[in-house]
Amino acid sequence: MAARVATLPHPRLRSGSPVVGNVTRGTTNPNRLRRMDRWIAAVHGAELRRAADPVAVDLGYGAAPWTAVELLGRLRTAAPRARVVGVEIEPERVAAAKPYERDGLVFRHGGFEIPVPGRPVLVRAANVLRQYAEDEVAAVWQRLCARLAPAGGGSRGGLLVEGTCDEIGRRHVWVALGPEGPRTVTFATRLGSLERPSDLAERLPKALIHRNVPGEPVYAFLRDFDRAWAAAAPYASYGARQRWIRAVRDLAADWPLTDSPARWRQGEVTVTWGALAPRLG
């Protein structure tokens, strides 16, 4: 990742403020991030259970605290000692969230500097970078990854999950990053509402959304996914889930997928970041 300065000033922030980042629109809805949360609990739960202090950060939770409240509940199904810190750059949103604090859940004013002691085991940043320029993403990733718990002693270290979803969480795409940088990209959807896999293109994270053009790997991936989906049409008589699983099995012949049918059944598929990373300048 490029070592580019990520001070990212915003006119609504005071000059000289130590808080790093931009004020977001704050759009939020209950259950909006359920797909991302369940994936995190499934693939990162073991790291949270092993951690001496399993702290997770909900970065930029928005105008209401629902996503942080829900994240705590879902993480504790996998790691009962997990704690969540909701971080928001807008002080009024932090004040509004304070009544929802409870055992294992607090809210703090801050931004990309992550105002928590130590290094968190998880940082979730959903729908935060959508408003940023593409050339700002690498520096933000670098800053956030530097705050993650380090690898070592059998641990891969903390996890940053950064992505975008629609307003009610039917379609979601996220990048998972460790202390070393990006690892994977996950596509997740409510299968009953899907016409074709490339419908997910509108929810690509900022690092990829402008790369869905001929010559770029993410374009080729979605093109091949659509072809596999079309070839799997006979399985539609058994339901959208079976059609999705068949299409993903075919996709796995040409693309380095990292998950198994247990996740495919959830309407997910995860591919290595290197296979989709931008190629063109």
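Which residues is Arg203 in contact with, leaving aside its neighbours within four places in sequence? In this predicted model, Arg203 is found in the loop between β7, residues 181–189, and α5, residues 206–209. With those neighbours in sequence left aside, Arg203 is in contact with Arg130, Thr164, Cys165, Asp166, Glu167, Arg171 and Val173. Although Arg203 sits in a loop, it counts as buried, because its relative accessibility is 14% and the cut-off for buried is under 20%.

In soluble globular proteins, nonpolar side chains tend to be buried together. Here the largest nonpolar core has 54 residues, and the members that touch the most other members are Leu59, Trp141, Val185, Phe187, Phe221 and Trp244. Helix α6 gives the largest share of this core, 7 residues. Leu59 shows what such a position looks like in detail: leaving aside its neighbours within four places in sequence, Leu59 is in contact with Val87, Gly111, Phe112, Ile114, Val123, Arg124, Ala125, Ala126, Val128 and Leu144.

A second, separate core has 28 residues, and Leu72, Val84, Trp174 and Ala188 are included in it. Val84 lies in strand β2, residues 83–88, and is buried, with a relative accessible area of 1%. Its contacts, again leaving aside neighbours within four places in sequence, are Ala56, Asp58, Ala68, Leu71, Leu72, Leu75, Gly104, Leu105 and Val106. The C-alpha atoms of Val84 and Phe112, which are 28 residues apart along the chain, are separated by 16 Å.

Trp141, named above among the members of the largest core, belongs to the buried residues of helix α4, residues 137–146, which are Val137, Ala139, Val140, Trp141, Leu144 and Cys145. The elements that cover these buried residues include β1 (55–59), β5 (159–165), β6 (171–178), β7, α5 and α9 (273–276). Helix α9 holds Trp273, a residue that is buried, with a relative accessible area of 12%. Not counting residues up to four places away in sequence, Trp273 touches Trp141, Val175, Pro182, Arg183, Thr184, Val185, Ala207, Leu208 and Pro278. Trp273 and Thr184 are 89 residues apart along the chain, yet their C-alpha atoms are separated by 4.3 Å.

Two helix pairs complete the tour. Helix α6 (residues 217–231) packs with helix α7 (residues 240–251) at an angle of about 125°, their axes being 8 Å apart, and the two helices are therefore oblique to each other. In this pair α6 passes α7 in a right-handed crossing. Phe221, Asp224, Phe225, Ala228, Trp229 and Ala230 of α6 make the contact with Ala240, Arg243, Trp244, Ala247, Val248, Asp250 and Leu251 of α7. Sorted by class, this contact has 10 nonpolar, no polar and 3 charged residues.

The other pair is helix α1 (residues 34–50) and helix α2 (residues 66–76), which pack at an angle of about 45° with their axes 9 Å apart, so that α1 is oblique to α2. Here too the crossing, in which α1 passes α2, is right-handed. The contact is built from Arg34, Asp37, Ile40, Ala41 and Leu48 of α1 and from Glu70, Leu71, Arg74 and Leu75 of α2. These residues divide into 5 nonpolar, no polar and 4 charged.

Terms used
Residues numbered from 1 in each chain as written. Predicted model: local features only at pLDDT ≥ 70, side-chain atom pairs only at ≥ 80, totals over all residues. Heavy atoms only, no water. Axes fitted to C-alpha atoms, helices over the stretch in contact; angles between N-to-C directions. Helix = DSSP H or I, 4+ residues; strand = E, 2+ residues; numbered from the N terminus. Parallel < 35°, antiparallel > 145°, perpendicular 65-115°, else oblique. Left-handed = near helix turned anticlockwise from the far one by under 90°. Contact = heavy atoms within 4.5 Å. Nonpolar A, V, L, I, M, F, W, Y, C, P; charged D, E, K, R; others polar. Core = buried A, V, L, I, M, F, W, Y, C linked by side-chain atoms within 4.5 Å. Buried < 20%, exposed > 50% of the residue type's maximum accessible area, 1.4 Å probe, protein only.
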